[in-house]
Structure formats: structure tokens, C-alpha cells
Amino acid sequence: MYLVQIASECAPVAKVGGLGDVVFGLSRELEIRGNSVEIILPKYDCLRYDQIYGLQLTFQDLWVPWHNGAIHCSVYFGFVHGRKCFFLEPHSEHHFFHRRVFYGQHDDDQRFAFFCKAALEFMLQSGKHPDVIHCHDWQTGLVPVLLYEIYQHAGMRHPRVCYTLHNLQHQGLTGEHILRATGLNRHAHFFHPDRLQDNFNHAALNLMKGGIVYANFVTTVSPRYAWEILNTSHNFGLGHTLYVHRAKLGGILNGVDYEVWNPEIDRHLPRPYSLNHLDAKYENKHALRQRFWLQDAYKPIVCYIGRLDHQKGVPLITHALHYCLQHGTQFVLLGTSPNGGIGHHFWRLKQLYNDNPDCHLELSFNEELSHLVYAGAEMIIVPSLFEPCGLTQMIALKYGTVPIVRATGGLADTVFDANYADRPYHERNGFVFNDYNNTGIESALHRAIGLWYAYPQYFRELTLNGMHYDFSWNHPGQHYLNIYEYIRDK
Ligand code: ADP
């Protein structure tokens, strides 16, 4: 099949979180299975250009209609660790992708609406007619809308659209100006509850809702999250829309790219290790301690890796840090926050524990360093308020780092409690708590740290159980192909 991914992230060139990993990993799996896959991305100025091979101008004169005129764009092509990527660069006074950041700009709605329009215009003008276009999150929600309302009439009748919801928290609320800018116009048509009108703010358009309504199939990133967004209040106001379109909604657990995340072949680690050579993991623990100036002591290391966002359970991460330090455990954190208040909170904690030989907070985004943290720690916490899928617990399992998670979304689909899971012991792989409060996370930490000290042999077994799991793209890759074939043949 001929597949095109249109996305705002692709690891490692443009990665903010799991979306980037998914776009890269899924594309690789689909190619391994004999499909032709191309990825279309914005040409941000903050791309990791060192990770693009053979970047060259491939399409010079792309004119993208915008408001009453058109914006001139150049299209570049390059390989990102073997993946074929096209990068769209607009030349205009808006400087849409020259902001030194991926997101968080006042005109994000326009930046990504333009990206959707430019991606389709590029496909039209360069004669690309894929079987399926796969797009992701609110940033590309307009793709199926534009395809159906404009581009199919210009000749793009063939492509079907699969739309994946990675996180319902951000939906891309915008206004009427986007209709004028993109040429959709027809105010009354789109400001309609069955189309793009936001379910609560009737004066706003909702780009994610547009994606859900117009796509041929909608997926989200774990079966549990699919259930939660349909049956609980965790849908940020999109419950009714999802219910109406439930026949084309499915939950597919994300995979992990084991070419990138595998302690046996990980070139970022001082010492590779595997199931059969678990002791070598402790050389990485030693290296992590050296890197973070932690003391060498007979203590486990608990880590947190991820965005520092309300969703991720900031109060519980903070409580876990204090609890660990008071209970014979070292604590390391690798994270950044786009939110000023949360960022400030962690900078204060960092200052507070600056001289503590058992604690280190690394407040930056550092892909390479994250590999060492996964490998060097013995436990990882993921105390999210909600979590569509979560990759950190799955990566950690592969690295023999026991996850301690809250039972929500994809975390509940992948982590099975050492003491209470409804599974045989060899399938249990971590610690799970339900209540989103200090007592909840304490109960799980208490059991995890207690097991490490009192029954190291059982802790080791639990670690090995986790390493046995296969969360590769193998199964999800097949699920996505089934969906692509289903919508192509419909
Ligand atoms: P989300 O998509 O909500 O951010 P996920 O758990 O799905 O969360 O994916 C997070 C991804 O981003 C993982 O690959 C994780 O290792 C990576 N990551 C998050 N924060 C950092 C950071 N500060 N430095 C390096 N990698 C990070």
C-alpha cells in the first residue's frame, strides 16, 4: 500500500512527546511490511538537522492558497533514520515554523491549519495519490476536512483518511478566520454541530472534532483510553461526537520501536545488557550516578521521565520525590515543562535538593540522556491523572525498570500489579494504584521499595517478567494495516 503520514512530530527530528515516537515507529513497521510510506512535516527551524540525511530541495515552487492570495513554499526531502520525509517551508512574513519551538505560539491554529493546507496542496501538485493518509491530533485535524470539502473535487478522489487521537486535552479551538484562510469559507456549513462547531463554545470551531467527523476511521492509542473517552467524562467535551461516530472508532495500543529502545543494542548506554545479562544493568546504574553526582550506596533509583504537565500528575510526582528520599531511595527526574508555573515549581525543588547526594532533577529535553536514565534506574513512576497510552512505562519495561503507575488509559493496559493483578505471577510486571492522591502512590511505592529491600529475588523476577513482554510495533502495525485495508476497500 502507498501511505502518507501527515504529522506535526516525528522522532528524533521533531519530538515533544509520544506522538513523535509513534509517527516514526509505525512508519518503520509499515515499511518493513512492504508498504511505501512517506512522512510530511513542517520544516521547523528547531528540527534536529543532525538527524536528517541527504536533505535537499525537491519541489521549489509550491504556491499554497491562503486568504485571498497564496504563500510560496519550498519542499525539502531527506531521510530520517531511513524514513522518507518531506519538509514544508513557507516563505512569508508569518514565519510559521521559525519560532524556535514546536508549539505554544499565539497563532498555533493558523500555523497548523496552514500546514494541513500546504500538505494537501503539495500532494495535489506533485501527483501523490496514496491509498491512505494517516494524520494525527488536532494539528492535522483539518486534513480530512480539506480533502473532502475541497481537494477531492480537484482530483484527489483516491485517498482515504485514518485519524489518530493521541490526546484529547488539546483540540485546536479556533475561529471563523480559519475558514477564510483555508478557502473552506461557508460559515453556516462548518459552524454546525454535526461538523466543526465546538460542542460547548458555539462561537468556536474545533479542529479535532473536524478530524473525527470527516475521517474514514478514527483510532486512539490504547483500548482502555478508547473505552474511557466513550464511557467516562475523560473526553474533554468530545463525548457526544465520539458516540455519534463510534462505529468508526477503535483503540490500538502504541508500540515501541525496539531498534531505538533496546538495551541490547542501545549505543547511548555505556554497557548494553539483556534478559540473560541483567547484572550489566548495574554498570549503567553506576554511570547514571556519576552523570548526576549521586552517591554510590545500597539503594534503588526511582526515576520520572516525561513532560511536566498537569496531566502527568505533578503533585504525585512531587510527593513521590519526598517519599523516596525519606525511604532509602534515590530519585532522578528528566523533564521539561511548557507551563511557567509548573516549571518554576520544579526549579524550586531542584534548588532545594541541589546538595542532596540521593537526588537529581534534570530540567531539560535530552533524548540521548533519557536512554541512560531508563537503563540506570530500577523503577519508574507514571502517576498520570489520565494517560492515553504512555510510552515511558513500556520503554522502561524493556530496560528492566519496574513501572509504578496509576491505573488509567494505556497504563492499565500494559502494567499488571505484582500483588493484586488478575494474572499468573510470570505475567505481572509492576505496581499499580487507583486513587489519584498521595496515599495512592505511597501504597504502590511502599510495596515496590519494600520488595526491592526485603525480597531482591522476587524483585528481579518481576523485572525479568517485564523484559519478556513484547510491546513492539509488530501487533499494532498489523492492526493499522487492517484498518487501512478496510477503509481503502470500502
Ligand atoms: P506524552 O506523549 O504524553 O508526552 P508518552 O509517555 O507517550 O507521553 O511519550 C513520552 C516520550 O517522550 C518518551 O519517549 C519519553 O522518553 C520522551 N520524553 C519526555 N520528556 C523527555 C525529556 N525531558 N527528555 C527526553 N525524552 C523525553
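Modeller: A helix here is a DSSP run of type H or I with at least four residues, and helices are numbered from the N terminus. In this sense Glu228 belongs to helix α7, which covers residues 223-231. The model is a predicted one. Glu228 has a relative accessibility of 6% and therefore counts as buried, the cut-off being under 20%. Beyond the residues up to four places away in sequence, Glu228 touches His234, Thr408 and Gly409.

These partners lead to the division of the chain. The domain assignment gives domain 1 as 2-255 together with 474-488, and domain 2 as 275-468. Taken over C-alpha atoms, the centres of the two domains are 32 Å apart. Where domain 1 and domain 2 meet, 20 residues of domain 1 are in contact with 20 residues of domain 2.

The crossing of the pair is left-handed. On the side of α9, the contact is made by Lys281, Asn284, Lys285, Ala287, Leu288 and Arg291; on the side of α12, by Leu369, Leu372, Val373, Tyr374, Ala375 and Gly376. Sorted by kind, the residues of this contact comprise 7 nonpolar, 2 polar and 3 charged. Within α9, the buried residues are Lys281, Asn284, Lys285, Ala287, Leu288 and Arg289. Besides α12, these buried residues pack against strands β12 (301-305) and β13 (330-334) and against helix α15 (438-454). Just after α9, Trp293 takes a positive phi of about 55°.

Helices α2 and α3 (residues 142-149) pack at about 50°, with 9 Å between their axes. The two are therefore oblique to each other. Their crossing is right-handed. Ala113, Cys116, Lys117 and Leu120 of α2 make the contact with Leu142, Val143, Leu146 and Leu147 of α3. The residues of this contact divide into 7 nonpolar, no polar and 1 charged.

Lys128 is placed in the loop that joins α2 (108-125) to β6 (132-136). With a relative accessibility of 11%, Lys128 is counted as buried. Apart from neighbours within four places in sequence, Lys128 is in contact with Tyr2, Glu38, Phe86, Phe122, Met123 and Met156.

Leu88 lies in strand β5, residues 83-91. It is buried, since its relative accessible area is 2%. With neighbours within four places in sequence left aside, the contacts of Leu88 include Ile40, Leu41, Pro42, Lys43, Phe115, Ala118, Ala119 and Phe122. Pro193, 105 residues from Leu88 along the chain, has its C-alpha atom 32 Å from that of Leu88.

Methods
Residues are numbered from 1 along each chain as its sequence is written. This is a predicted model: local features need pLDDT of at least 70, side-chain atom pairs count only at pLDDT 80 or more; totals for chains, interfaces and linings use all residues. Side-chain values use heavy atoms; hydrogens and water are left out. A crossing is left-handed if the near helix is turned anticlockwise from the far one by less than a right angle, and right-handed if clockwise. Contact means heavy atoms within 4.5 Å. Ala, Val, Leu, Ile, Met, Phe, Trp, Tyr, Cys and Pro count as nonpolar, Asp, Glu, Lys and Arg as charged, and the others, Gly among them, as polar. Buried means under 20% relative accessible area, exposed over 50%, partly exposed in between (1.4 Å probe, protein chains only). Domain bounds come from an automatic or database domain assignment. Axes are lines fitted to C-alpha atoms, for helices over the stretch in contact, and angles run from 0 to 180 degrees between N-to-C directions. Angles under 35 degrees count as roughly parallel, over 145 as roughly antiparallel, 65 to 115 as roughly perpendicular and the rest as oblique.
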